[in-house]
Amino acid sequence: MNEKAQELGMSSTRISNAHGLPFDRAKPELDNHSSVRDLLIVVQKIIKDYPIVFSWTSQRSVSFPKNSPKAIRLGSTNPFLTQKGVNGLKTGFTNNAGWCQILTCKYKESYYVLMVLGCPNKTTRNTSIAELLYWVKKSP
C-alpha cells in the first residue's frame, strides 16, 4: 500500500495497517498518517476510476449477512447522507487524529470534496462540514 501511495504521488502518507486503527496510544508515530493533499489524491482517483465506491458509501445502513433472518443492521456514521447530492465517503475518529470526515457531493454536475480533520469533537466536525456544504450549494 505504501508503494501504491508513492506511485500516486502521496508523499506525506505512511500506511502501517489496512484497518486504520491505532496500534498503541503511547506510540502515535506507528499509526497510519496522511495529509489533506494526499487524501485528495485518493478521492480524485476514486471519482475518476472507481465511482462504484459511492454506491457503498452513500448507503444509510446495511445488513450482514444480507437477506438473512439473523442479519445485523449497521447504520452509517455520516449524518449528511440525507442531503441531495451527498455521496458520503469517510468519517472517523482516533485519539491521535481527532474527529475527521471526507465528504463528496455531486452538485450541478461537479464533484466537491469537503474535508475536515483533527476536530476536537463530533459536533465541531459536523458543524464544519455543514458550513462547507452550505457554501457548495450556494456556489454559482
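**Entry 1: a buried ring**

I began with a cut-off: a residue counts as buried when its relative accessible area is under 20%. I kept in mind that I was looking at a predicted model. Phe 54 has a relative accessibility of 5%, so I wrote it down as buried.

**Entry 2: aromatic pairs**

How many aromatic pairs are there? I noted three. In one of them, Phe 54 and Tyr 111 have ring centres 5.6 Å apart and planes at 20°, so I called this pair stacked. Phe 54 belongs to helix H3 (residues 53–57) and Tyr 111 to strand E5, so the pair links parts of the chain that are 57 residues apart in sequence. Tyr 111 is partly exposed, at 32% relative accessible area.

Next I looked up Phe 93 and Trp 99. Their ring centres are 4.6 Å apart and their planes stand at 35°, so this pair is tilted. Phe 93 is partly exposed at 41%, and Trp 99 is partly exposed at 21%.

**Entry 3: the sheet**

I then turned to the strands. Three of them form an open sheet in the order E3-E4-E5, with antiparallel pairing. Which strands stand at the edges? They are E3 (86–94) and E5 (110–119); each has a single partner strand, so one side of each lacks a neighbour in the sheet. On average, neighbouring strands here are turned by 5° against each other, direction ignored.

E3 and E4 (residues 98–107) pair over eight bridges, in the antiparallel sense. Val 86 has Cys 105 of E4 as its bridge partner, and Lys 90 stands opposite Ile 102 in E4. A hairpin of three residues joins E3 to E4. I also noted that E3 is mostly covered, with seven of its nine residues buried.

**Entry 4: helices on the sheet**

What packs on this sheet? Helix H2 does, touching E3, E4 and E5, and its direction makes about 145° with that of E5. Helix H4 (residues 122–138) also packs on the sheet and touches E3, E4 and E5; its direction makes about 155° with that of E5.

**Entry 5: Asp 38**

My last stop was in helix H2 (residues 36–49), where I found Asp 38. Is Asp 38 buried or exposed? Its relative accessibility is 0%, so it counts as buried. Leaving out residues up to four places away in sequence, I found that Asp 38 touches Gly 9, Met 10, Ser 11, Ser 12 and Thr 13. For Ser 12 I noted a distance too: its backbone nitrogen lies 2.7 Å from a polar atom of the Asp 38 side chain.

Definitions and conventions. Residues are numbered from 1 along each chain as its sequence is written. This is a predicted model: local features need pLDDT of at least 70, side-chain atom pairs count only at pLDDT 80 or more; totals for chains, interfaces and linings use all residues. Side-chain values use heavy atoms; hydrogens and water are left out. Helices (H or I, at least four residues) and strands (E, at least two) are DSSP runs, numbered from the N terminus. Buried means under 20% relative accessible area, exposed over 50%, partly exposed in between (1.4 Å probe, protein chains only). A polar contact is a pair of N or O atoms within 3.5 Å; within protein, one must be able to donate a hydrogen and the other to accept it, and residues adjacent in sequence count only if both atoms are side-chain atoms. Contact means heavy atoms within 4.5 Å. Two strands pair if DSSP finds at least two bridges between them. Axes are lines fitted to C-alpha atoms, for helices over the stretch in contact, and angles run from 0 to 180 degrees between N-to-C directions. Rings of Phe, Tyr and Trp (its six-membered ring) pair if their centres lie within 6.5 Å; planes under 30 degrees apart count as stacked, over 60 as edge-to-face and the rest as tilted.
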